[in-house]
Amino acid sequence: MATSFESALNTLPAELADAVRAQLPQPFTGHLSARDVTALEDASGLKGHELLLALLPLAASFSQAPVSHFEVGAIARGTSGDVYFGANLELAGEALFHSVHGEQSAISHAWLAGETGLKEIVVNASPCGHCRQFMNELNGAEGLTIVLPGQDNGHLHHYLPYAFGPKDLGVEISLMAASGQNMQLASDDQLVLAALEQAQLSYAPYSHSPSAVALECDDGQVFVGRYAENAAFNPSLPPMQMALAAMARHRVGFERIRRAVLVELGNGQISQASAARSALEAISPVELERVCAS
Ligand SMILES: [Zn+2]
């Protein structure tokens with residue numbers, strides 16, 4: 001049974017819990033503006049990353065971990081000063097490679113919101129090797145601070161010495177900073193166009209196969225995910241997983257998906273179709289619509 005937002009709130013220091021109740025938009029989907037952060041600092045007396053450490057139980061309350069029952073909460077602070085919550089996502093009964101890690105959820109949250117870099121990431125458990133590698137792909141990775149409960153803060157490369165990264169494969173761009181890609185697709189279908197827009201913003205410097213997913217729910221809400229590739233390949237975050245993690249942060253059940261669209265290149269070096277279909281089949285009877293761009 002996942003932890004509810006209310007029960008997570010009850011674990012916070014009283015002044016902070018009161019301030020969260022009074023100031024946060026409801027329902028809270030894990031995004032605090034820099035102004036919200038300042039207001040919570042003033043109300044709680046907790047400053048900087050101390051505030052974010054105290055808020056981690058709220059981030060972890062977005063977790064869906066039916067396999068591990070280990071709830072990871074992560075909070076990323078973007079260069080704008082806004083902060084973005086994330087949590088781990090596991091698909092019940094499915095192979096573990098479908099999982100999204102808490103750090104990946106928070107980072108993709110920031111990226112989808114338009115951030116082009118991160119200052120720090122605060123996590124309730126030490127980042128696994130997969131996440132250290134995923135974060136090494138980020139714009140400004142060398143300056144990224146990792147904040148953990150009860151430990152001195154350290155830069156990412158303290159946690160990932162002798163790193164293998166984009167430059168080792170001759171790639172000079174980086175995740176979150178990459179500029180848009182030119183993809184052409186004729187359609188007047190709004191969901192297809194939403195996926196196309198995200199595919200143009202996706203990051204695929206190794207396969208040169210940009211892609212994105214758009215999921216439409218029964219109430220018309222649309223959730224999107226962009227492909228985030230990695231120099232070490234396996235830690236890449238597929239677009240379907242990114243979109244499902246966004247749904248989890250909004251506490252929208254996967255049974256509410258009515259349409260699912262994948263946009264990718266028709267002649268790409270790789271395709272996300274079978275991986276996206278496999279993840280979708282695990283949580284929904286809806287058929288994936290694959291739409292090819294050039
Ligand atoms: Zn991890």
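Donors are N, O and S atoms within 2.8 Å of the metal (3.2 Å for Na, K and Ca), and water is not among the atoms, so sites may look incomplete. This is a predicted model, in which local features need pLDDT of at least 70 and side-chain atom pairs count only at pLDDT 80 or more, while totals for chains, interfaces and linings use all residues. Residues are numbered from 1 along each chain as its sequence is written, and side-chain values use heavy atoms, with hydrogens and water left out.

**Zinc site.** Select the zinc ion; its donor residues follow the spacing H-x26-C-x2-C. The protein donors are His101 (ND1), Cys128 (SG) and Cys131 (SG), 2.1 to 2.3 Å from the ion. His101 is partly exposed at 24% relative accessible area, whereas Cys131 is buried at 0% (buried is under 20%, exposed over 50%, partly exposed in between; 1.4 Å probe, protein chains only).

**Phenylalanine cluster.** Next select Phe5, Phe28, Phe62 and Phe85, which ring pairs link into a cluster. Rings of Phe, Tyr and Trp (its six-membered ring) pair if their centres lie within 6.5 Å; planes under 30 degrees apart are stacked, over 60 edge-to-face, the rest tilted. Phe28 and Phe62 make a tilted pair, 6.3 Å centre to centre with 45° between the planes. Both of these residues are buried. Phe28 also pairs edge-to-face with Phe85, at 5.2 Å and 85°.

**Helix contact.** Finally, select residues 34-44 (H3) and 48-60 (H4); helices are DSSP runs (H or I, at least four residues), numbered from the N terminus. Which residues of H3 and H4 make the contact? Val37, Leu40, Glu41 and Ser44 of H3 meet Gly48, Leu51 and Leu55 of H4 (contact means heavy atoms within 4.5 Å).

Key:
Axes are lines fitted to C-alpha atoms, for helices over the stretch in contact, and angles run from 0 to 180 degrees between N-to-C directions. Helices (H or I, at least four residues) and strands (E, at least two) are DSSP runs, numbered from the N terminus.
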